[in-house]
Every structure is written in C-alpha cells, then in structure tokens.
Amino acid sequence: MTNESATTASGPATTDAPVTVTVEGAVALVMIDAAQTRNALSMPVMGALIDALTEIGERTDVHAVVLSTAGHVFCSGHDLKEIRGADHARQQEIFERCSQLMLLIQSIPQPVIAAVQGVATAAGCQLVATCDLAVAAESARFGTPGVRIGLFCSTPMVALSRAVPRKTAMRMLMTGDLLDAEQALAFGLVSHVVADDELAAAASQVAQTVAEASAATVAIGKQAFYQQIHLDTPGAYAQMSETMAANAVMPDAQEGIDAFLTKRQPQWQHRTDGT
C-alpha cells in the first residue's frame, strides 16, 4: 500500500492520511479523512481508497468493510478544483479513476457497508449507491445536483439508476433535488436508517452480522448478485443454478446444513475447498 493511503492493519493511520483503515476482529473500518474538503473524491483520496480496498480484498481475515467519512459531510463528490481548467485527457483520467473505484467496491469479496452522515452529493451519492449496503443517519441527505453547475452527473447516474426506480433517478439527475434519509430508504438507495447518534454502532452491527456468516459463502453470493442482476430471467436462473450447485458442494455449505439439521452452531472454514 502506498504512503499516500498510509493505512495499518491494527490501528488508525497517521492523521494526515486521506484514508485510514482499522481492523477490528473480522471487520475493516475504512474512513475517508478529508473533512477540510467535505471528503471530496479527489485523485489522492480515490487513489488511497483503491489501494486500501485492493489490499482488504486480498485478506482472508477480513469478512466485511464499513466505509465512513470524517466530519459532518459524508462526501461532496469530485473535487471541483481538480476539474476546473483541466484538459480533456485529465478529465478522462479523473472520471476513469472514479469508475475504477466503484467497480472495485463491488468486485472485492467482502461486502462494503456505507455509514452515511450529512449530505452525499454527486459522486458521493454514487459512492453510497455503489456500496453493497448503506446505513444512513436520519439527518442524511442525498442528491446529484451537477446539472445546476453545468456538469450532468453522468457517472453517478450509472450507480444511481441501478439502485433506485427510473423516475426517481431522473428526478434527482434533472432537478438536483435532495432525498432525505427516509425517502432514500423507500426508494432503495440505502438499506437502513437510524438515529444520528446510533450511526457508527448500527453500521458496525450490520458488519458484524455479515461477518458471522461463512466468508466464502458471502463472497460467492456478492459476486453472484452482480452477475445475475443484469441478465434476463432465463439467463439468470441458468447461471445461478450452476452457482448454487457449486456453492452446495463447498465445505462450509455442507457444514452449515449439517449444523442446522443437528441443531448445533456451524464451524466455518471460510474456504471454497477442503484444503
């Protein structure tokens, strides 16, 4: 991992790091620590997140990830100071790095759970929509207001339009209107809404619950979800039948079934084979 992200496995990174990682048991707590820029997804922040999540994705002792941010704003989107005045090649680099980050979140085996406070706008809303689960504080707000500054939220639209109904996405993209937390829950942008002072504990509890399952099974399930969601129904059933058959012969599946039938707690191996 680069010095830019400066994360550690057992404790928080140095205070000037844009991203810090702390591992507690089987859960990695990843924090964007850039409150002075409203946790904007600058190139250094995105690079540090990519480094951190890539390393986490290779760890077998981490079974879930909580993604949070410092300060009172979850994420304000891209750093507009980087975009202002940049040529086409630089603009392409910025948005391609963002796309790389979003694809990485959904490709690592561990579920990534956003803990959202304050506002999440533009690429910040994209970040929430991309995470596998999202716990929002009651006061959180979500929006894609790029149209108001002449920069349509086209890349945030990719994640947003796959998370909420079409008319809701179009409303957010065309008007820049913000959704409150309860609206975000109703439309499927977040999975949980809790009191503001319960956010950290609630996100941690969700992660702990996920981490109690077989990590190998959860990883298969996460991958399968994103594989089948864009297939037609017959294609999805065909592919998922094969996925379930492969899952069913795994040691953890056989252990879980036996534990259920014999009324005992399963002892997970967290592996896809018997080695």
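Predicted model: local features only at pLDDT ≥ 70, side-chain atom pairs only at ≥ 80, totals over all residues.
Me: Two strands count as paired if DSSP finds at least two bridges between them. What makes S2 and S3 a pair?

Reply: S2 and S3 have 6 bridges, in the parallel sense. The definition asks for at least two, so S2 and S3 pair. Residues are numbered from 1 along each chain as its sequence is written, and side-chain values use heavy atoms, leaving out hydrogens and water.

Me: What makes S3 and S4 a pair?

Reply: 3 bridges join S3 (residues 64–69) to S4 (residues 112–116). At least two are needed, so this is a pair. The two strands run parallel. Valine 66 has isoleucine 113 as its bridge partner in S4.

Me: How do S1 and S2 run, parallel or antiparallel?

Reply: S1 and S2 run antiparallel, joined by 6 bridges. They form a hairpin with 2 residues between them. In the turn, glycine 25 has a positive phi of about 65 degrees.

Me: Why are S1 and S9 called edge strands?

Reply: The open sheet has 6 strands in the order S1-S2-S3-S4-S6-S9, with mixed pairing. S1 (19–24) and S9 (192–194) each pair on one side only. Strands here are DSSP runs (E, at least two residues), and helices are runs of H or I (at least four), numbered from the N terminus.

Me: Which helix packs on the sheet?

Reply: Helix H8 (residues 199–211) does, touching S1, S2, S3, S4, S6 and S9. Touching is contact, meaning heavy atoms within 4.5 Å.

Me: How do you know that lysine 222 and aspartate 132 form a salt bridge?

Reply: The term needs a side-chain nitrogen of Lys or Arg within 4 Å of a carboxyl oxygen of Asp or Glu. Here the N to O distance is 2.8 Å. That is within the cut-off, so the pair is a salt bridge. The count between domain 1 and domain 2 is 1 salt bridge.

Me: What area is buried between the domains?

Reply: Domain 1 is 19–212 and domain 2 is 215–262, with bounds from an automatic or database domain assignment. About 640 Å² is buried between them, 58% of it from carbon and sulfur atoms. Buried area is the accessible area (1.4 Å probe) lost when two parts are put together, summed over both. In domain 1, Gln106, Pro109 and Asp132 lose the most area to domain 2.

Terms used: Axes fitted to C-alpha atoms, helices over the stretch in contact; angles between N-to-C directions.
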